Amino acid sequence: MNSLIDAEVAHYRSFLSEEECLPAFDQLRDLTPWEQHVVRLFGRSHPAPRLSAWYGDPCATYSYSGLKLSPQPWTPLLDQLRQRISTLVSMPFNSALLNYYRYGADGMGWHSDDEPELGRDPCIASLSLGSERRFLMRHKTRSDLPTCQYILGDGDLFIMQGPTQHHWKHQIPKTRRPVGERINITFRYVYAE
């Protein structure tokens, strides 16, 4: 566990082996029913700069940025990954958000995963496949604390839990430098409505 003030985070490099990463990436890229969601930010609708898909147990409906997502059923690959990560962190995940970053112009802006259906102190387990990207974190109220940077590579697992979502925001910044494709899977537990 890496120690940040007001947070509990851990970065497991190469949680998946090289031999596991490429077939998993190819399967997810080619077989996932990707959508470009339209998100509502500051009262305006925008196409999200990435493709996404939502998977989970039937009760795991999820809402964010004006979207309400009903889950696709688990695939064997996603269910296997869920079980491995659940065992590591002792958390029974019931859902996963997949994001497909096709190139450097795809990204995710500053946000916290603090929607009510995630509960008080959600555990977010983020698995990266494909090209490495920068993952930034900044404290919501402590401007004296520096922005933290992690480089998430192929097969890396990043865990955020405890008070992290209350006190920190995170993002995958867009970049003009050439980068390859990346798929990110964030496993989480959604409480039924």
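Ala, Val, Leu, Ile, Met, Phe, Trp, Tyr, Cys and Pro count as nonpolar, Asp, Glu, Lys and Arg count as charged, and the others, Gly among them, count as polar. Keep these classes in mind as you look through the close-ups, which all come from a predicted model.

**View A. A cavity lined by seven named residues: Arg133, Arg134, Pro173, Lys174, Thr175, Arg177 and Val179.** Searching the whole structure for cavities of 30 Å³ or more turns up 1. The largest cavity has a volume of about 50 Å³. Sorted by class, its lining has 4 charged, 2 nonpolar and 1 polar residues. Lys174 and Arg177 are among the lining residues, and both Lys and Arg count as charged.

**View B. Gln171 in strand β14.** The strand covers residues 168–172. Is Gln171 buried or exposed? Gln171 has a relative accessible area of 13%, and because buried means under 20%, Gln171 is buried.

**View C. Helix α1 packing with helix α2.** Here α1 spans residues 18–31 and α2 spans residues 76–89. Their axes lie 11 Å apart, at an angle of about 135°. That angle makes α1 oblique to α2. On the α1 side, Glu20, Ala24, Gln27 and Leu28 meet Leu77, Leu78 and Arg84 of α2. By class, this contact has 4 nonpolar, 2 charged and 1 polar residues.

Definitions and conventions: Residues numbered from 1 in each chain as written. Predicted model: local features only at pLDDT ≥ 70, side-chain atom pairs only at ≥ 80, totals over all residues. Heavy atoms only, no water. Axes fitted to C-alpha atoms, helices over the stretch in contact; angles between N-to-C directions. Helix = DSSP H or I, 4+ residues; strand = E, 2+ residues; numbered from the N terminus. Parallel < 35°, antiparallel > 145°, perpendicular 65-115°, else oblique. Contact = heavy atoms within 4.5 Å. Buried < 20%, exposed > 50% of the residue type's maximum accessible area, 1.4 Å probe, protein only. 1 Å grid on protein atoms, 1.4 Å probe; cavity = no way out; pocket = protein on both sides within 12 Å on 5 of 7 lines; lining within 4 Å. Points joined across faces, edges and corners; volume = space filled by probe spheres on them.
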